[in-house]
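Open the model in your viewer and keep the selection tool at hand. We will go from stop to stop, and at each one you will hear what to pick and what is there.

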Amino acid sequence: MNSSGKKEDEMKVTDILEKKSTRRSFVKNLSIAAAAGSAGLVTGGCVSLGKSEEMGLKWEEYFKSNYRLMTQEEKDETVARLVRLAKIQNDADIQISNQEPRENVLYGYAFNISRCKGYMDCVEACVKENNLDRKAKTQYIRLFEMDSGQLDPTSGDGKYFHEVPVEGKFYMGVQCFHCENAPCIKACPTKATWREPDGIVVVDYDWCIGCRYCLAACPYWGRRFNWGEPEVPKEEMNTKQHYLGNRMRMKGVMEKCTFCVQRTRQGKLPACAEACPTGSRVFGNLLDPNSEIRYVLKNKKVFRFKEELGTDPKFWYFID
Amino acid sequence: MKKIFLSSGLLFLMLGTVFLSAQTVMASGGSVIDRIHAADKPFDSMGIESAHHLPVKTVLAQESYQGGTFKVLARKDSITRFRCSVCHTDKKVLVSDGALFTHGDIVINHGRGNDRLACIECHDEKNRDFLSDAEGKQIDFDHSYQLCGQCHFRQKRDWLGGAHGKREAYWAGERVVRNCTSCHSPHSPAFETKMPATYSLPLDK
Ligand code: SF4
Ligand code: SF4
């Protein structure tokens with residue numbers, strides 16, 4: 001803010017700290033000092049080295065800013081801290097990427113309602129890929145078993161568990177549609193959720209205060225809230241993570257489908273599209289006229305769910 | 001100490017909110033449809049290096065996609081008893097080996113109603129290492145889409161374009177798609193009825 005330090009008194013503060021200091025790191029240093037003081041009082045200075053490293057990292061984490069305001073350096077730092085914390089706290093060797101969106105890419109999705117057989121391989125793959133809470137059985141994707149003629153999933157059965165497909169029924173998958181004009185983003189009071197330039201709607205889990213306004217605002221059942229501490233068995237954890245994607249969430253924060261940002265920015269298909277055995281899920285770059293998704297939009301009968309709401313989702317349904 | 005927590009947190013929150021709102025306003029573009037219409041230049045997805053190494057065997061398709069080439073998953077490698085001509089010779093066969101040699105395990109469930117297809121409607125009668133189409137043209141097992149497409153031409157058209165079937169692993173990089181027979185058993189092509197992989201709990205909304 002004022003690292004130039006023109007005023008006299010500011011100069012003094014800088015001198016005291018013996019280094020150039022931004023307001024942020026100033027407050028941070030102050031509070032670390034305070035913490036060290038109080039920790040000393042309570043524990044009498046018997047903090048083990050591992051514990052104090054963990055505490056230090058957590059402090060730094062507490063004072064980081066919203067992901068969108070971070071410089072590349074700060075992004076790398078927080079990623080390094082989170083990787084280290086996972087090692088200290090769970091002895092887990094994870095990788096967290098902060099790969100940026102690619103230019104001229106806008107992700108889009110199409111779902112073939114005349115091909116889906118309701119097998120739910122997509123749901124299973126998504127849970128594993130995205131480290132979803134096994135205890136609360138969190139799932140980003142919902143599949144609805146529908147009577148022919150219906151087109152509104154609210155009238156379908158989202159809890160079926162019998163041999164599929166059932167004669168005379170069809171299956172409709174619903175997940176976050178990554179709306180261009182997303183009501184969830186507008187509802188968020190802390191700007192903890194936003195649309196990335198490649199169209200993916202993400203949540204900064206460290207900035208979310210868990211108010212759940214976004215959940216109420218989303219017309220498509222796109223958001224999932226962590227009522228408890230998410231649990232994933234260590235041996236099942238996907239260690240290839242992204243800061244805005246499948247890194248471990250905490251209790252009290254919102255999460256959602258990210259089009260598998262950790263995969264798609266590497267050129268891979270989202271886990272659901274890769275897992276689907278029927279080819280009902282088409283994914284690709286909407287800005288590439290040669291992509292499969294563009295072929296579907298141009299040549300098939302497509303529609304978007306609740307189009308009249310003006311949310312401008314990037315998820316289409318189509319029929320053969 | 002708590003106070004420092006709260007007040008500093010609040011300060012960042014306010015500053016962040018003001019700054020980020022400004023960003024959102026600046027970033028808002030046209031609708032998706034407008035952006036799609038405006039994008040008419042092909043995207044160079046080969047520029048995504050991470051999408052280049054597929055650990056599967058592929059062959060160049062003998063068809064074109066959007067004027068360019070693409071690859072399909074090779075098929076011959078996954079046919080357990082290929083080459084067929086190893087057995088299909090003029091040599092005499094013992095009756096006791098009959099079960100093994102006559103493909104007694106294969107049930108044909110392909111064709112309309114009781115009008116099931118016979119083996120030689122797809123397999124070449126003379127050279128068992130090939131398939132053959134209705135005009136008797138030999139077709140390689142790796143390119144079976146040429147055979148399937150003679151009846152299922154709508155599906156083939158969609159498959160060529162990308163609305164039927166699926167790409168292998170990557171949306172970017174070279175286009176590699178599954179062959180018809182990667183997903184459908186040619187002898188019984190319809191998908192089976194089975195239990196779903198998992199189930200869902202009721203939504204909390
Ligand atoms: S589907 Fe819901 S969660 Fe996803 S972008 Fe739209 S409003 Fe937000
Ligand atoms: S729950 Fe989190 S992401 Fe959703 S509106 Fe509240 S702060 Fe924003």
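Begin with ligand 1: its shell divides into 10 nonpolar residues, one polar residue and two charged ones. Keep in mind as you look around that this is a predicted model. Which residues come nearest to ligand 1? Select A:C176, A:F177, A:C179, A:C184 and A:C218, which come nearest of the 13 residues around it.

Now move to ligand 2. Its surroundings include four cysteines to pick out by name, A:C188, A:C208, A:C211 and A:C214.

**Two domains in chain A**

Next, colour chain A by domain. The domain assignment gives domain 1 as residues 2-93 and domain 2 as residues 95-320. Where they touch, the contact takes 18 residues from domain 1 of chain A and 16 residues from domain 2 of chain A. Together the two domains bury about 1,400 Å² between them, with 56% of that on carbon and sulfur atoms. Which residues of domain 1 lose the most area to domain 2 of chain A? Select A:N66, A:Y67 and A:R68: together they account for 41% of what the domain 1 side buries.

The count between domain 1 and domain 2 of chain A is two salt bridges. Show the side chains of A:E100 and A:K75, which meet in a salt bridge at 3.1 Å, N to O. Over all chains, a search of the whole structure finds 37 salt bridges. The A:E100 and A:K75 pair links distant parts of the chain, 25 residues apart. Here A:E100 sits in the loop between β1 and β2 (107-112) of chain A, while A:K75 belongs to helix α4, residues 72-90.

Leaving aside neighbours within four places in sequence, A:Q95 is in contact with A:T239, A:K240 and A:Q241. Now draw a distance line from A:Q95 to A:Y243. These two residues are 148 apart in sequence, yet their C-alpha atoms are 9.7 Å apart in space.

**Backbone stops**

Look for A:D91 in the loop between α4 and β1 of chain A.

Go on to A:V164 and A:P165, which are joined by a cis peptide bond with omega of about -5°. A:P165 lies in the loop between β3 (142-147) and β4 (169-174) of chain A.

Then switch to chain B for another cis bond. The peptide bond from B:F82 to B:R83 is cis, with omega near 0°. You will find B:R83 in the loop between β2 and α3 (98-101) of chain B.

**A sheet in chain B**

An open sheet of three strands runs in the order β1-β2-β5, with mixed pairing. To see them side by side, select B:V72, which stands opposite B:V177 in β5(B).

**Where the chains meet**

For the last stop, show chain A and chain B together. Their contact takes 63 residues from chain B and 87 residues from chain A. Chain B and chain A bury about 6,600 Å² between them, 61% of it on carbon and sulfur atoms. How many salt bridges cross this interface? The rule finds four. End by selecting B:R175 and A:E292, which form a salt bridge with their closest N and O atoms 2.6 Å apart.

Methods: Residues are numbered from 1 along each chain as its sequence is written. Chains are lettered from A and ligands numbered from 1 in the order in which they are written. This is a predicted model: local features need pLDDT of at least 70, side-chain atom pairs count only at pLDDT 80 or more; totals for chains, interfaces and linings use all residues. Side-chain values use heavy atoms; hydrogens and water are left out. Two strands pair if DSSP finds at least two bridges between them. Helices (H or I, at least four residues) and strands (E, at least two) are DSSP runs, numbered from the N terminus. A residue is near a molecule or strand if one of its heavy atoms lies within 4 Å of it. Domain bounds come from an automatic or database domain assignment. Contact means heavy atoms within 4.5 Å. Buried area is the accessible area (1.4 Å probe) that two parts lose on being put together, summed over both. Ala, Val, Leu, Ile, Met, Phe, Trp, Tyr, Cys and Pro count as nonpolar, Asp, Glu, Lys and Arg as charged, and the others, Gly among them, as polar.
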